[in-house]
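Hello,

Here is the structure I promised to pass on. Please have a look, and then read my notes below.

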Amino acid sequence: MVKAIRVHELGGPQVLKWEDVEIGEPKEGEIHVKNKAIGINFIDVYFRKGVYKAPSLPFTPGMEAVGVVTAVGAGLTGMKIGDLVAYAGQPMGSYAEEQILPANKVVPVPPSIDPVIVASVMMKGMTAQFLLRRCFKVEPGHTILVHASAGGVGSLLCQWGNALGAIVIGTVSSKEKAAQAQEDGCHHIIISTQEDFVTRVNEITSGNGVEVVYDSVGKDTFEGSLACLKLRGYMVSFGQSSGSPDPVPLSVLAAKSLFLTRPTLMQYVVTRDELLEAAGELFANIASGVLKVRVNHTYPLSEAAKAHEDLEGRKTSGSVVLIP
């Protein structure tokens, strides 16, 4: 038996329960991993509340972890006991001391990078990679708008976008977060609780608008984000921390021949090659110093409920990690 966080009913942070679970032995193509650090992402909150539907109840949340391989299934090559590995995405269930994972879903972790850093950044970092490099390919001279630019993904989008030669405009909710966004390479920072971001973007771009908006906020920003785009601009809606956006009539896009996409990481790391490429580019940017990852908050795994409470209460900045 190992300890894990279990969700028996959907709801607030209090539904996260610390319990004993049975995990069994790795089958063919699987590995047994003892987790060293577990990343928390907003998607975990969506599953806990039922915004996204878990396959069944009860379930163990969590979609990202780093750990040491302690057993390998029959016939598995290319992986051995003692290897340090990481995964992000499917299968759900990382809020556990140990877990069984499909070997083709994990990537080797470079020994030069701290496991806590990797656990905090696998999902957010590979998300930033596909958003900037594949979903819309950011080029030098592009102007990009990043909402929640002091958040986990937002911070990485700003740093990476800046390194790619883009002019980065970021929105934040407070002066403290504005200071962080500036440190992360935001050229223009809008405190959205104090000023209208559409007006400010219009001023900054001399009325031209931006090539792309990366919007993880959803309902509160969606309409304004569309208004900020230039002709043939890209609206990349990849989250809804304020709730799901209202439906959009196609005529709204037709006004400026806009593109609208609602991508998720899983559809961009379908093949083993895609996964290794995304993780490889992420690790290279961490190692070279292009990306500075802030793990500002760690909690014991048993206190996952407190971590969720703080995340939803906007008491956290940067990445949040659970330690088994």
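Phe259 is partly exposed, with a relative accessible area of 39%, and Tyr234 counts as partly exposed too, at 25%. Here buried means under 20% relative accessible area, exposed over 50% and partly exposed in between, with a 1.4 Å probe and protein chains only. Please keep in mind that this is a predicted model, in which local features need pLDDT of at least 70, side-chain atom pairs count only at pLDDT 80 or more, and totals for chains, interfaces and linings use all residues. Residues are numbered from 1 along each chain as its sequence is written, and side-chain values use heavy atoms, without hydrogens and water.

There are 6 aromatic pairs, where rings of Phe, Tyr and Trp (its six-membered ring) pair if their centres lie within 6.5 Å; planes under 30 degrees apart count as stacked, over 60 as edge-to-face and the rest as tilted. Tyr234 and Phe259 make a stacked pair, 4.5 Å centre to centre with 10° between the planes. Tyr234 lies in strand β12 (residues 229-237) and Phe259 in strand β13 (residues 259-261), so the pair ties together parts 25 residues apart in sequence. Strands are DSSP runs (E, at least two residues) and helices likewise (H or I, at least four), numbered from the N terminus.

Elsewhere, Phe42, Tyr46, Phe47 and Tyr52 form one aromatic cluster.

Best wishes
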